[in-house]
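Hi,

My notes on what turned up follow below.

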Amino acid sequence: MDKEREMYEKIIHLIERKGTKFTTDELASELKISKRTLYTLFPNKVAIINETIDFVFYEFRDSWEAEALEGKTSLSDLLKCQWDNFPDNYDVDKLIKFAVKIRNYYPEQWTKLEENIDETSELIYKVLIENEDIRVLTSTEKKVLQMLVQQTFRCLLGENYLEENGLNFKETVMSLLRMILFGIQY
């Protein structure tokens, strides 16, 4: 495991235990570094939360961006590739679990989280409509598909939906994609 991933996973675990009220002393201790070293990595707690949000969404978007550039992957291969390359859903689930606290205590970071969700859903929408296996959609179908993907992602971000329904982010997103791509018929 690379050092950066290990560091962010420790930050996520600390947020899991302490919520957004963790202290920089606690984080430095968790990372087994001095507080001074911590401040060379992150100038403040807000930067820690910002960078953690970026870390969680980077790999997810990166794998979809590669597919968006290709656009020639079959639907089955697209789903398999995304399943295999999906970042550890534990990270995403833990971040989403504390999204409400982030919204309450860090409104700018909540906005950043929403922007990441919107960018991710927009990227998935783009990959779907540009795939050569997808028929040409009408403008209405495109708008409905875009709304479906974006609103589903926003629902997953809000008010503990995943936890209350015993779901995790990865399986939920992949189920959505299978239903979009293959329908619900036998």
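Ile11 is in contact (heavy atoms within 4.5 Å) with Leu27, Phe42, Ile48 and Thr52, leaving aside its neighbours within four places in sequence. Ile11 also belongs to the largest nonpolar core, which has 47 residues; together with Leu27, Phe42, Leu113, Phe153 and Phe169, Ile11 is among those that touch the most other members. The elements giving two or more residues to this core are α1 (3–18), α2 (24–31), α4 (45–70), α6, α7 (99–105), α8, α9 and α11. With eight residues, α4 gives the most. A nonpolar core here is a set of buried Ala, Val, Leu, Ile, Met, Phe, Trp, Tyr and Cys residues joined through side-chain atoms within 4.5 Å. Helices are DSSP runs (H or I, at least four residues), numbered from the N terminus.

Before you go further: this is a predicted model, in which local features need pLDDT of at least 70 and side-chain atom pairs count only at pLDDT 80 or more, while totals for chains, interfaces and linings use all residues. Residues are numbered from 1 along each chain as its sequence is written, and side-chain values use heavy atoms, with hydrogens and water left out.

Asn116 sits in helix α8 (residues 107–130) and is buried, with a relative accessible area of 4% (buried means under 20%, with a 1.4 Å probe and protein chains only). Not counting residues up to four places away in sequence, Asn116 touches Ile53, Asp54, Phe57 and Arg61.

Now the pockets. On a 1 Å grid over the protein atoms alone, a pocket is an open set of points where a 1.4 Å probe fits, with protein on both sides within 12 Å along at least five of seven lines; lining residues have an atom within 4 Å of a point. A volume is the space filled by probe spheres set on the points.

The largest pocket holds about 270 Å³ of space. Its lining includes Leu128, Arg135, Glu141 and Leu148, and divides into eight nonpolar, no polar and two charged residues (Asp, Glu, Lys and Arg count as charged). α9 (139–157) supplies the largest share of that lining, four residues.

The second largest pocket has a volume of about 160 Å³. Ten residues line this pocket, and Asp93, Lys94, Lys97, Glu163 and Leu167 lie nearest its centre. Five nonpolar, one polar and four charged residues make up the lining, and α6 provides the largest share, five residues.

Best wishes

Technical notes: Buried < 20%, exposed > 50% of the residue type's maximum accessible area, 1.4 Å probe, protein only.
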